[in-house]
Amino acid sequence: MDCIPEFDRLASMAISPTSIQQSAPEGWGVSLAHVQTGAFSASNHTLVSIDGFLEAPETVISQANLQDFAEITPQYPGVRAPLDPAICRAWITKLTPLLDQWFGPYGRPWEMQAWYSLVTTPPAKLAPIQCLPHVDGTDPTQIAMMLYLHRTGHGGTAFFRHRTTGLESLTANDFPRYAAAVQAEVARAGLPPAAYPTDGAPHFERVHAVPGAFNSAVFYRGNILHSGVIDNAAPLSADPAEGRLTINAFFRPAAG
């Protein structure tokens, strides 16, 4: 949950669309019938939500039980399992025109990575950096998608403003100033308590949150400060049928 772009770290897994129309594997079809576009905060960040994203969500959840979940990066507070590349190719083929409409166009094909993800780390065992809002990278062209596949007491995704700097998103130019301010706050006030971020106090302000309704997907720029909405008092099961299961993906224009 640092500012090292996960897309760069796992670039070998990136999937690009092909010139041949791709069909989703059985049970993995998606519906774009219920798209809502909007913006939040004074910074006017683009937020896109799609209700009823999966045509057969229970089939997808059942297939999660067959995956080999593992800790892939030290920043994510849980375990992940990569999606089949055939699924990614089908999804990116269908989503490319909309990604161009919502966040582009950049005149280049979009690349995609995606995983099943389960938050499993108890609050008391979080690393200090995991107790703060984070970004997925400092590239504003990298788009994140969260697809919520759980019915737990945990929520969706919250977005934050850093009070000292006023920053809500980080670019490569912003990051040194932001990092220095956070380090100064830690030196002055100590490390944050071992807990998932809630309202962001005292150093951050929550500016927006999406509820994480079952089978809804949200898209936003990954360089916006954000965090999963995790109930620090609720259990975090490692069972995909019981835990806070999501599918998260990154999209980015291919290198020119």
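**Salt bridges and their surroundings**

Mentor: Start with Arg161 and Glu205, whose side chains meet in a salt bridge, 2.8 Å from N to O. The model is predicted, so side-chain atom pairs count only at pLDDT 80 or more. This pair links distant parts of the chain. Arg161 is in strand E6, Glu205 is in strand E7 (residues 204-210), and 44 residues separate them. Glu205 is partly exposed, at 31% relative accessibility.

Arg161 has a second salt-bridge partner, Glu168. Here the closest N and O atoms are 2.6 Å apart. Arg161 is partly exposed, with a relative accessible area of 21%. The cut-off for buried is under 20%, so Arg161 at 21% counts as partly exposed. Glu168 is buried, at 5% relative accessibility. In general, side chains of opposite charge can pair when their charged atoms come close.

The whole structure holds three salt bridges. One of them is between Arg151 and Glu58, at 3.1 Å from N to O. Arg151 lies in the loop between strand E5 (143-148) and strand E6 (157-162), while Glu58 is in helix H2 (residues 57-64), so the pair ties together parts that are 93 residues apart in sequence. Arg151 is exposed, with 60% relative accessible area. Glu58 is partly exposed, at 43%.

Now follow H2 onward. The loop between H2 and strand E3 (78-82) holds Asn65. Asn65 is partly exposed, with a relative accessible area of 43%. Leaving out residues up to four places away in sequence, Asn65 touches Asp239, Pro240 and Ala241. Pro253 is another matter. Asn65 and Pro253 are 188 residues apart in sequence, and their C-alpha atoms are 32 Å apart in space.

Next, the sheet. E5 and E3 both belong to an open sheet of seven strands. The order is E1-E2-E8-E5-E10-E4-E3, and the pairing is antiparallel. Strand E1 (35-40) and E3 stand at the edges, each with a single partner strand, so one side of each has no neighbour in the sheet. From one strand to the next, the twist averages 25°.

Look at E5 inside that order. E5 pairs with strand E10 (residues 245-253) in the antiparallel sense, over six bridges. Ile143 stands opposite Phe251 in E10. In general, strands of a sheet pair through backbone hydrogen bonds, either parallel or antiparallel.

A helix lies across these strands. Helix H3 (residues 85-103) lies across E1, strand E2 (45-50), strand E4 (110-119), E5, strand E8 (217-221) and E10. H3 runs at about 110° to E4.

One last stop takes us to Ser227. Ser227 sits in strand E9 (residues 226-228). Ser227 counts as buried, at 2% relative accessibility. Beyond its neighbours within four places in sequence, Ser227 is in contact with Pro133, His134, Gly156, Thr157, Ala158, Phe160 and Pro197. Among those contacts are Thr157, Ala158 and Phe160, and E6 spans 157-162.

Notes. Residues numbered from 1 in each chain as written. Predicted model: local features only at pLDDT ≥ 70, side-chain atom pairs only at ≥ 80, totals over all residues. Heavy atoms only, no water. Helix = DSSP H or I, 4+ residues; strand = E, 2+ residues; numbered from the N terminus. Buried < 20%, exposed > 50% of the residue type's maximum accessible area, 1.4 Å probe, protein only. Contact = heavy atoms within 4.5 Å. Salt bridge = Lys/Arg side-chain N within 4 Å of Asp/Glu carboxyl O. Pairing = 2+ DSSP bridges. Axes fitted to C-alpha atoms, helices over the stretch in contact; angles between N-to-C directions.
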